[in-house]
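Please look through the sequence and the 3D view before reading on.

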Amino acid sequence: MSKNRDLDAEKKGYKKAIYYANWKNLISDTKKMGFSTSFKKIAGIMAIYVAAAGAVAFFMKLPVFCFVYMLILGIFIIPLLIVNMYRKIYEDNRFREVSQYIEQMLYSFKNTNKVYKSLQDIQPMFTDSPMGTVIEKAAKDIIDKGLEEGLKNFTDAYDCQKIQQLNKFLIEVEQVGGAHEDSIDLLLQDRETWVNRTLEYKKERNHRKITVYMAIVVSFILCVLMEKILPREIDISSNPLCYLSSTILFTIDLVLFYITDNLCSASILNSLKTRADADIKKYYEYLVNYNAKREFLKGARVAPIGLLITVLGIVMNEIALILTGIFFAIYCLFKSRVEYNVRYKAIKEEIEIQFPRWLMNVALYIQSNSVQVALYKSIATAPLVLQPELIKLNNAIRENPTAPEPYLNFMKDFNMPDITMNMKMFYSIASGAGADVQKQVNEIIKRNNALLDKTERIVIDNYLAKMYMFFLAPQLTGGLKLAVDMVLFFIVFMGSSMVIA
């Protein structure tokens, strides 16, 4: 198992914080990533945090127990930030290694047509690097265990869809043969597009991270200054609500700082990972088995409760009860349709993201197989959201190999023109209607590269949208803190005015 997967398998949430609060675990995991740290360096970073927390407690006039709480919070949060600092460098290095490996491997394989020889050729370029170790082990395993087992070292060490795709292509060409020069050129183009898109994403991600940090700092400073500009005669800093809200603000901002930093240190090798397989399976089965009448009747049976609440509200002359009953009844009647639309949209988006990934693999299989065989081979490694429809497609082709309907009916319930267009191309190749099969396959791959670029940008935009929410969060928490201070100010002011009167 790879170091990266070992790290990803660590505790999550509060368990992760407790795990790294033990500095021995922190030092051990940074060592796994290829870096060295020490108790002295960690203690130095913690000292900086203690000084910063002390300054915040001083300027916001917080009592000692609040400062102690801030120190305890730092014991759990700061080690996580230290891990993220190393993880970001670690993931950047892995991305460079993978992009360089794919490029050099394709160029070498274009000349040698042999995986083992290509690995030997490129190994000197990765001397004293984790990729070099993987290449050395892969070459040895190819001799001892075979081609597939040898190349599995790369997928174990680097959880990257691009490497999985490359491995499938290399295995297919070496075992079956066929013309592959054009495919290599297109894979190189795909690799270049992926690298440029990822670098652009990293740049935008870092920009968003800085804006979130600035929002946190500015909102915090504004809260401190607000207390300073209030008249000295009216002191609200000793009020429990004031220092409690200040402590909550500090906690939320520190957690937001960590979440943002954690998101920006995540792996960039596989941006196509979206929803969990369990959710995809549940959503798809719900859509397939959906019965509009049955689901509507389920809600209709509960809707009378809303009508009873409404009647009760009318009798008691309570507007709140009347509105509650009406909204509850409407919710029961339309719940099933809303739920269907939400899940339909989620699955459709998942298909849009995963289809190009599958399409590239099929296009590469077709280099040395018939369309029917290529489609069948792709089922085992296809994204989960596509597998049920691929099984239906395979069965339909077996029943009627020459008919266009199996191809045209693929994913027809989701009304996706890009998918229909590519399936028409597959049927054209399968039926022998095209003049040049290789040219048609290359055209599929070209279209797929453009489609893949589009879908990966969807995933990237989703990540960046999350970061924009983190940018807005400090403004909200800061605004709530200011609102609390202003309410306390007016309460104290009115109280003092009544005493004077």
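In this predicted model, three helices each supply at least two residues of the lining of the largest cavity: helix 5 (64-112), helix 9 (161-176) and helix 10 (181-229). That cavity has a volume of about 60 Å³. The points below take the cavity and then the whole protein.

**The largest cavity**

- The structure holds two cavities of 30 Å³ or more.
- Eight residues can be looked up in the view as the lining of the largest cavity: Ile102, Leu106, Lys162, Gln165, Leu166, Leu187, Asp190 and Arg191.
- Sorted by class, this lining has four nonpolar residues, three charged residues and one polar residue.

**Fold and overall form**

- The protein has 19 helices and zero strands.
- Its radius of gyration is 30 Å, while the globule rule gives 23 Å for 501 residues; the value is well over the rule, so the protein is more spread out than a compact globule.
- The C-alpha trace spans about 100 × 70 × 30 Å along the principal axes of the protein.

**Contacts, burial and surface**

- Of the contacts between residues at least 6 apart in sequence, 74% join residues at least 24 apart.
- Of the 501 residues in the protein, 46% are buried; a residue counts as buried when its relative accessible area is under 20%.
- The protein has an accessible surface of about 25900 Å². Carbon and sulfur atoms account for 63% of that surface.

Methods:
Residues are numbered from 1 along each chain as its sequence is written. This is a predicted model: local features need pLDDT of at least 70, side-chain atom pairs count only at pLDDT 80 or more; totals for chains, interfaces and linings use all residues. Side-chain values use heavy atoms; hydrogens and water are left out. On a 1 Å grid over the protein atoms alone, a cavity is a set of points where a 1.4 Å probe fits but cannot get out, and a pocket is an open set with protein on both sides within 12 Å along at least five of seven lines; lining residues have an atom within 4 Å of a point. Grid points are joined across faces, edges and corners, and a volume is the space filled by probe spheres set on the points. Helices (H or I, at least four residues) and strands (E, at least two) are DSSP runs, numbered from the N terminus. Ala, Val, Leu, Ile, Met, Phe, Trp, Tyr, Cys and Pro count as nonpolar, Asp, Glu, Lys and Arg as charged, and the others, Gly among them, as polar. The radius of gyration is taken over C-alpha atoms; the globule rule is 2.2 Å times the number of residues to the power 0.38. Buried means under 20% relative accessible area, exposed over 50%, partly exposed in between (1.4 Å probe, protein chains only). Contact means heavy atoms within 4.5 Å. Accessible areas come from the Shrake-Rupley method with a 1.4 Å probe; for residues, only the protein chains shown count as cover.
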